[in-house]
Amino acid sequence: MSIGGVLTLLRPEFPDISISKIRFLEAEGLIEPQRSPSGYRKFGAADIERLRYVLRVQRDRYLPLRVIKDQLDAMDRGLEPAGPTPAESERSEDADGDPGSAGRDATMVLLDRPGLIAAAGIQDVDLARLEEFGLIQSHRPRPGDTDGEHAVVYDGDALVVARLVAALGRYGVEPRHLRQTKAAADREAALVEQIVAPLLHRRGARAKAGAEETVRDLLALTSRLHTVLVTTALAPRLGR
């Protein structure tokens with residue numbers, strides 16, 4: 001199958017797949033399609049399943065490419081790759097059917113204010129607090145996005161944040177308690193932006209794909225580091 005055929009086959013499951021992304025994964029050694037005498041890529045059934053596996057664990061488990069490559073190497077040796085951790089399994093279950101998560105492009109989800117409130121299962125006053133503390137931001141709709149009845153819209157990220165904060169609310173956590181979390185996220189975003197800035201200045205689809213993969217890897221590492229640091233800080237209090 002040609003690379004165009006692969007795009008057509010996989011795009012229903014992975015809407016953000018592109019030729020540049022496939023080429024980048026090949027350059028990183030995760031897939032190795034054969035080449036025709038004229039140099040065109042030729043994907044067999046095994047190549048497509050390997051690519052599907054890479055895209056799926058990236059989407060569902062947020063794994064860095066180096067970890068995925070180690071898993072593929074293990075599979076090539078006949079070993080079973082490590083399964084998801086309990087935390088990953090819980091996150092996957094919580095994200096089921098949740099727009100903006102697990103591989104869906106959050107910018108493709110647009111909700112007006114009543115729609116966001118209904119989808120997140122919160123009250124208008126709750127949304128007002130989320131906006132007050134900078135956890136959620138609305139956007140002005142573009143022509144054709146809404147029927148014009150409401151002045152602002154919210155994307156899938158806003159829906160995910162609203163649901164997560166609502167879940168934290170069951171433990172007594174309020175939006176005002178999350179100001180430091182938001183500030184830390186802003187600082188982390190600035191750090192990641194500083195690291196990938198040189199890649200963004202390069203031209204070409206491969207450079208863009210490389211920047212996206214770098215961001216993904218950095219977020220996976222910082223997320224893991226955050227979990228370990230918090231767990232370590234709590235250990236004495238939990239008698240560990």
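1. In this predicted model, pLDDT stays under 50 over residues 145-149. Beyond four places in sequence, the model gives this stretch three contacts. Where pLDDT is low, the predicted coordinates should not be read in detail.

2. The average pLDDT is 80, and 82% of the residues score at least 70. Helix 7 (residues 124-132) has the highest confidence, at 93, while helix 5 (residues 86-95) has the lowest, at a mean of 42. Over residues 85-108 the pLDDT is below 50, although the model has 35 contacts for this stretch beyond near neighbours in sequence. The caution given for residues 145-149, where pLDDT is under 50, should be kept in mind here too, since low pLDDT means that the coordinates should not be read in detail.

3. The secondary structure consists of ten helices and four strands. Read from the N terminus, the order of the elements is α-α-β-β-α-α-α-β-α-α-β-α-α-α.

4. Some totals describe the chain as a whole. Of its 240 residues, 32% are buried. The chain exposes about 15,300 Å², and carbon and sulfur atoms supply 54% of that area. Among contacts between residues at least 6 apart in sequence, 58% join residues at least 24 apart.

5. Helix 3 (45-61) has 17 residues. The distance from its first C-alpha to its last is 24 Å, close to the 24 Å expected at 1.5 Å a residue. Its buried residues include Ile48, Leu51, Val54, Leu55 and Gln58.

6. Helix 4 (residues 65-76) passes the length check, because its twelve residues should span 16 Å at 1.5 Å a residue and its end C-alpha atoms are 16 Å apart. Leu65, Ile68, Gln71, Leu72 and Ala74 are its buried residues. An α-helix has 3.6 residues a turn, so residues three or four places apart point the same way. The student can compare that rule with the numbering of Leu65, Ile68, Gln71 and Leu72 in the buried list. The cover over the buried residues of helix 4 includes helix 2, helix 3 and helix 10. After helix 4 comes Gly78, with a positive phi near 85°.

7. Is Lys21 buried or exposed? Lys21 lies in helix 2 (residues 19-27). Its relative accessible area is 10%, so Lys21 counts as buried, the cut-off being under 20%. Leaving out residues up to four places away in sequence, Lys21 touches Leu55, Gln58, Ala209, Glu213 and Arg216.

8. Arg163 belongs to helix 8 (residues 156-169). With a relative accessible area of 28%, Arg163 is partly exposed. Which residue is 42 places from Arg163 in sequence and 7.5 Å from it in space? That residue is Gly121, with the distance taken from C-alpha to C-alpha.

9. Val230, Leu234 and Leu238 make a nonpolar surface patch of about 250 Å². Leu238 sits in the segment after helix 10 (205-234). Leu238 counts as exposed because its relative accessibility is 55%, and the cut-off for exposed is over 50%.

Technical notes. Residues numbered from 1 in each chain as written. Predicted model: local features only at pLDDT ≥ 70, side-chain atom pairs only at ≥ 80, totals over all residues. Heavy atoms only, no water. Patch = residues over 30% accessible without salt bridge, like charges linked within 9 Å, V, L, I, M, F, W, Y side chains within 5 Å. Areas by Shrake-Rupley, 256 points an atom, 1.4 Å probe, with all protein chains shown as cover. Salt bridge = Lys/Arg side-chain N within 4 Å of Asp/Glu carboxyl O. Helix = DSSP H or I, 4+ residues; strand = E, 2+ residues; numbered from the N terminus. Buried < 20%, exposed > 50% of the residue type's maximum accessible area, 1.4 Å probe, protein only. pLDDT = per-residue confidence, 0-100. Contact = heavy atoms within 4.5 Å. Expected span 1.5 Å × (residues − 1).
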